[in-house]
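User: I have a two-part model open and want a quick walk through it. Can you take my questions one at a time?

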Amino acid sequence: MNSIIKNILRYILLVLIQIFLLKNMVLFGLNTPYLYILFILLLPFETPNWLLFFLSFLIGLNIDVFNDTVGLHASACVITAFVRVSITSITVQKDNYDSDPEPTLSIMGFRWFFFYALVLTLTHHFFLLNLEVFRFSEIPATISRVFISSLFTLTLIFIAELLFFRKKQRK
Amino acid sequence: MLNLWRFISKYNAFFFLIIYLTISFVLLIRNNDFQRASNFNTSNQIVGSIYQEVNAVNKYLNLNLVNDSLANENVMLRNRLKSSFLDDSVVTQTVVDTINRVKYEYILAEVVNKSITSRNNYITINRGSKDGIKKGMGVVGSSGIVGIVWNVSENFASIQSVLHEDTRITSSIEGTPYFGPLIWEGKDPGIVTLTDIPNQLDLKLNARVVTSGLGVIFPKGILIGNVLKSGVKGGGSFLDISVKLATNFYALQYVYVIKNNFQSEQETLEQQNKESLNE
């Protein structure tokens, strides 16, 4: 129950930050951070797949509605959710933990979380920006946007995670 | 059957991916269809009113930039007043003018939301079909061109800005007869490219690029920007001219929607031409 409320609040907060604040932030030309994917990253491990995909689609569509890009963020988020399922099924053994683990920096440790966030952010940005441009001739420019935006997003993800860092013992 | 079910439930993530990706792509493609108005955008009533509330706060942050641009516009308009010209004619008489009817009307609107940093950018304004705004009208700011109206609801309208890959505004360099489409290459929100200008043109730096007046959307001579540099692309016979946009999209707060009173007449005529060609 507690976890549900926490995730709903996180959803609302991240969407508000994304559409009213981060949308207007620019770094070197056209690179904006997309911090809202932190919601998909931080959903608990025991979220069933159908819910994970539904929530990813929902938050993507929600951002889309405010950006006039229907289906764009939604498709990138759904792909991110799929990559998340693959990564967690490979790297996380649930038996090793006392309480139910969550994919946060404080519980899973820096190395795992960095890898996890890096792969998901790159996937999301790659598909988002390429689907948006949708032109082969602009791929080099788009790839550079993917990397700089990812750097920007990752920095913000780590700042957000360190702000809410809670020391928990890991077995 | 059981085996099939077992297969599906084992790889359920993949099937969810297929299902949701299909939904998103259908939405994405439908939305790209220029003819079909979608409900999922910022001209939507709920989204529009949320943005309007937030904009009430944001407005104060840009106030000095907006004031500057409005003051500049005032100076420009004052310079055009009849009283600021030397009048050496002796005869004065009142003439009732029945030939010059108003062709273009301007509707003031406030920007409630805008995007600048995407590949395809849109702007939402707080005027809609209630105020006489229709799809396809031109939009200008106080210093230059802004875009074309894209979707309209009762109280809001969204504008496809110049910074969009599908926007083509026919423009020319002031004082020359040549014209070409203006495109945005998606790198810098301050720079657009004017294409299809023949390369025999002796181009001067900082020459004014203005709307050509062809078509029904924009009147002739509205400032777009100044020539930044030009170059021939791949040995062709046309110049690709970089143009520094006059409109500062970051500080855009008030825009004017242009209503062409003779639009339907011109369009009907041009439609007739096409139909008689097809027969």
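User: Start with confidence. What are the ipTM and pTM?

Analyst: This is a predicted model. Its ipTM is 0.82 and its pTM is 0.73.

User: And per chain, what is the average pLDDT of chain A?

Analyst: Chain A averages 86, with 92% of its residues at 70 or above. For chain B the average is 81, and 86% of the residues score at least 70.

User: Which elements of chain A have the lowest and the highest mean pLDDT?

Analyst: Helix 5 of chain A, residues 105-108, has the lowest mean, 81. Helix 2 of chain A, residues 38-42, has the highest, 92.

User: OK, fold of chain A. How many helices and strands?

Analyst: Chain A has 7 helices and 0 strands. From the N terminus the order is α-α-α-α-α-α-α. Its radius of gyration is 16 Å, close to the 16 Å the globule rule gives for 171 residues, so chain A is as compact as a globular protein of that length.

User: What does its C-alpha trace span along the principal axes?

Analyst: About 50 × 30 × 30 Å for chain A. Of its 171 residues, 40% count as buried. Take contacts in chain A between residues at least 6 apart in sequence: 69% of them join residues at least 24 apart.

User: Now chain B. How many helices and strands there?

Analyst: Chain B has 5 helices and 12 strands. It has 279 residues, and 33% of them count as buried. Among its contacts between residues at least 6 apart in sequence, 60% join residues at least 24 apart.

User: Switch to the core. Which residues have the most contacts inside the largest nonpolar core?

Analyst: Val149(B) and Ile159(B), in a core of 85 residues. In soluble globular proteins, nonpolar side chains tend to be buried together.

User: What about Val162(B), buried or exposed?

Analyst: Val162(B) is buried because 26 other C-beta atoms lie within 10 Å, and the cut-off for buried is 20 or more. Val162(B) sits in the loop between strand 5 (157-161) and strand 6 (169-173) of chain B. Leaving out neighbours within four places in sequence, its contacts include Ile145(B), Thr167(B), Trp184(B) and Leu245(B). Val162(B) and Val139(B) are 23 residues apart in sequence, with their C-alpha atoms 9.8 Å apart.

User: How far apart are the end C-alpha atoms of helix 3 of chain A?

Analyst: 27 Å. Asp68(A) follows helix 3 of chain A and has a positive phi, near 60°.

User: Back in chain B, what is the phi of Asp196(B)?

Analyst: Near 65°, a positive value in a residue other than glycine. Asp196(B) lies in strand 8 (residues 191-198) of chain B. Asp196(B) is partly exposed, with 17 other C-beta atoms within 10 Å.

User: And Asn206(B), where is that?

Analyst: Asn206(B) is in the loop between strand 8 and strand 9 (208-211) of chain B. Its phi is positive too, about 65°, although Asn206(B) is not a glycine. Asn206(B) counts as exposed, with 9 C-beta neighbours inside 10 Å.

Key
Residues are numbered from 1 along each chain as its sequence is written. Chains are lettered from A and ligands numbered from 1 in the order in which they are written. This is a predicted model: local features need pLDDT of at least 70, side-chain atom pairs count only at pLDDT 80 or more; totals for chains, interfaces and linings use all residues. Helices (H or I, at least four residues) and strands (E, at least two) are DSSP runs, numbered from the N terminus. A residue is buried if 20 or more other C-beta atoms lie within 10 Å of its own, exposed if 12 or fewer, and partly exposed in between; C-beta atoms are placed from the backbone. Two residues are in contact if their C-beta atoms, placed from the backbone, lie within 7 Å. The expected span of a helix is 1.5 Å times one less than its number of residues. A nonpolar core is a set of buried Ala, Val, Leu, Ile, Met, Phe, Trp, Tyr and Cys residues joined through C-beta atoms within 7 Å. pLDDT is the predictor's confidence in each residue, from 0 to 100. The radius of gyration is taken over C-alpha atoms; the globule rule is 2.2 Å times the number of residues to the power 0.38.
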